[in-house]
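Reader: Hi! Could you walk me through this model before I get lost in it?
Author: Happy to, here it is.

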Amino acid sequence: ARGIRFIRMVKEDAYDVVVGNPPYQGTSRMKDAKYVALNYPRGKADLYAAFLERGLQLVKEGGVSALVTMRGWMFLTQFTALREGLLQERDLRLIGDVDRGAFSSVPDEVLAAAMSVFRKLPPANEPSIAMQPTPLSDKSRDSGRTERKRAAVLAQVGRFEFEANRLA
């Protein structure tokens, strides 16, 4: 019965909003790597990248998928098709590069994170928002780093508007 309920819960085109922090797991060592590659070829290198596509499958037309993921999908060559597909097919509302120190519970320099908010619509002719709450040159590693990032996001430090439809 639980399995049936779960299948009903993850029905495509069913939700107004999907919010998540998907698992960060390279698929090369996964038992179900073929499933991910077959169903999410643009994000097949890592589960978090596949979730970028899956979140948009779950929301209704006009719905929003908001995820905190690793930031590699924004820069690495292996995710070029994913970036291009998302920018050409969906409406990017926010991209935030919070880099390292986004989570106080993750020690040291283990994880560099990004926030993304996509609407399940074609790209809009209105500005998108990019955020980089701390400069890349900030290499601080003290216990207050995460709180400074949170404060900078709330104060909209490092907020920029841009036209995402020109990037595609």
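Author: First a word on names: helices (H or I, at least four residues) and strands (E, at least two) are DSSP runs, numbered from the N terminus. Residues are numbered from 1 along each chain as its sequence is written, and side-chain values use heavy atoms, with hydrogens and water left out. This is a predicted model, where local features need pLDDT of at least 70 and side-chain atom pairs count only at pLDDT 80 or more, while totals for chains, interfaces and linings use all residues.

Reader: Thanks! What is the mean pLDDT of the protein chain?
Author: The mean is 89, and 93% of the residues reach 70 or more. pLDDT is the predictor's confidence in each residue, from 0 to 100.

Reader: Which element has the lowest mean pLDDT?
Author: That is helix α1 (residues 2-9), with 66, whereas strand β2 (residues 59-70) has the highest, 96. Where pLDDT is low, the predicted coordinates should not be read in detail.

Reader: Good to know. Now α3: how many of its residues are buried?
Author: Ten of its twelve, so α3 is largely enclosed by the rest of the structure. Buried means under 20% relative accessible area, exposed over 50%, and partly exposed in between (1.4 Å probe, protein chains only). Among the buried ones are Leu47, Tyr48, Glu53 and Arg54.

Reader: And what covers them?
Author: The cover includes β1 (15-20), α2 (33-39), β2, α4 (80-89) and β4 (112-119), where contact means heavy atoms within 4.5 Å.

Reader: Which residue caps the N-terminal end of α3?
Author: Asp46 does: one of its side-chain oxygens lies 3.2 Å from the backbone nitrogen of Tyr48. A polar contact is a pair of N or O atoms within 3.5 Å; within protein, one must be able to donate a hydrogen and the other to accept it, and residues adjacent in sequence count only if both atoms are side-chain atoms.

Reader: Switching topic, which residues have a positive phi without being a glycine?
Author: Asp13 has one of about 60 degrees, and Asp99 has one of about 55 degrees.

Reader: Where do they lie?
Author: Asp13 lies in the loop between α1 and β1, and Asp99 in strand β3.

Reader: Is each of them buried or partly exposed?
Author: Asp99 is buried, with a relative accessible area of 12%. Asp13 counts as partly exposed because its relative accessibility is 45%.
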